[in-house]
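Welcome! Please take a look at the structure below, and then we can walk through a few of its residues together.

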Amino acid sequence: MLRIYNSLNRSKADFVPTEPGHVKMYVCGMTVYDFCHLGHARMLVSFDVIQRWLRQLGYQVTYVRNITDIDDKIIRRAVSTNRLMGEVTQFYIDAMHADELALGVASPDLEPRATAYVGDMLGIIKRLEDKGLAYQSTTGDVNYAVRKFNGYGKLSGKSLDDLRAGERVAVDDGKHDPLDFVLWKAAKDQEPDESKWASPYGFGRPGWHIECSAMSYALLGMPLDIHGGGPDLKFPHHENEIAQSEGAFGGQMANYWMHCGPLMVNDDKMSKSLGNFHTIRDIIAKSDPDPNHAHYEANPREAEMLRFFIVRNHYRSIQNYASANLLDAQHALDRLYQTLASVGALDTNHAEYPDLSAQSSLWLNNDWAQRFQQAMNDDFNTAGAVAVLFDLAAKANREQCQATASLLHALGGVLGLLQTNPSAYLRSPSRYVQQNDAHHAAAQLSDEQIESLIQQRTQAKAQRDFSQADALREQLREAGVELEDKAGGLTTWRRA
């Protein structure tokens, strides 16, 4: 039985979807005004693993992750760059998709854009107004009357009496209460025409919180089985969503609320507002990415390293970003690939791929698969699942067992790992493998140069010039290239 930690009641519970066999999952996505950073990567990868495991268990999953394509930051970016809002948002949507592709993040089943659901948002605002939960202020904005919704604060655990106006919103004389939040923003003269929609309240645009209430209800209805997002969305965004959706339609908005943990830089959460962020592309691109192009070529070794860096921690844990931690993740992932390379798990002439379908008896009869499944069924404990991978690697290395290595490869695939050809992976340079001169020398040697030196060494050995062969091996070793001589005179290599 899958158990999920529910942020709403702060405890784990057995997962029972509303509709047997079908999971309706909505995750708050990106506001597309800039490149995604590593904190966004954690959210993307975490919920990608969650939807993968739900499908692995045999559920039909309808995974919705929205795009916010109307926002103050988007308007400012469009005005400052003299571009249309649609041009700005499409550029950063394309860039986000490039990041997802590099990280092995599957596309959601549905990816709605907020601008396509303004009519749905106005419909919810009208329902709230009719129920006395919304009002138009003297400034023209339409606000939600927070104190009229009895359940406000149940997700975040915040009491209305403990909240201070300055903690959430600037004091606005047009509001009945400083804690009220905006549902519809009245248009301002200096804003571009494309940021304004006609409404019963005059021209304007939706507030941020109403977007997800409208899109989730239009596409999945209520209740959602799972509603997820980043750690900073619990309050006020998700709290406000609950107030809107449950205030408008009654019932419960979502049965399980899930929030991934923050990615920290020292004592602060990585965020654009603090300026302590690193973009995904800056970490995994083969060369310095062009900021004028949405697409870029990723280094597959570094891209998988970043995914592994995220997956090796439980999704709810606090994770710390540091170059040393990325380096450690690269070393650890390399060890798994070295097992696959040395044992030959991907040699389909000698090893059978295990059946990991939801109905497979492997989950009942294989101790390693059982341990993996138990970890994942315990609130998607990827840290425990990765521990199983390393235990399998140790067994495969110790016994030179291809069946064990094949299981390692298959279980890794459930997490979106270990699916690159091991030889190709180990030959790819990585800036995180070694922080020394030998590493830089290795990075400067092309595959062709390495192959040429190996060929010279093979010729030296054939001529029984062993001192020259040893010198060439040492030259490659100092350049961060490790050789392995195999039967029949074949020499394989990898970057250390």
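Asp-72 has a relative accessible area of 28%, so Asp-72 is partly exposed (buried means under 20% relative accessible area, exposed over 50%, partly exposed in between, with a 1.4 Å probe and protein chains only). This is a predicted model, where local features need pLDDT of at least 70, side-chain atom pairs count only at pLDDT 80 or more, and totals for chains, interfaces and linings use all residues. Residues are numbered from 1 along each chain as its sequence is written, and side-chain values use heavy atoms, leaving out hydrogens and water.

- Asp-72 pairs with Lys-185 in a salt bridge, with the closest N and O atoms 3.1 Å apart (a side-chain nitrogen of Lys or Arg within 4 Å of a carboxyl oxygen of Asp or Glu).
- The two partners are 113 residues apart, Asp-72 in helix 2 and Lys-185 in strand 7 (residues 181-186); helices (H or I, at least four residues) and strands (E, at least two) are DSSP runs, numbered from the N terminus.
- Lys-185 is partly exposed, at 23% relative accessibility.
- A network of salt bridges links Asp-72, Lys-185, Glu-191 and Arg-205.

**Within helix 13**

- Lys-395 and Glu-399 form a salt bridge, their closest N and O atoms being 3.0 Å apart.
- These two are 4 residues apart in helix 13, so about one helical turn separates Lys-395 from Glu-399.
- Lys-395 is buried at 19% relative accessibility, whereas Glu-399 is partly exposed at 42%.

**An exposed loop residue**

- Asn-82 sits in the loop between helix 2 (72-81) and helix 3 (85-103).
- With a relative accessible area of 73%, Asn-82 is exposed.
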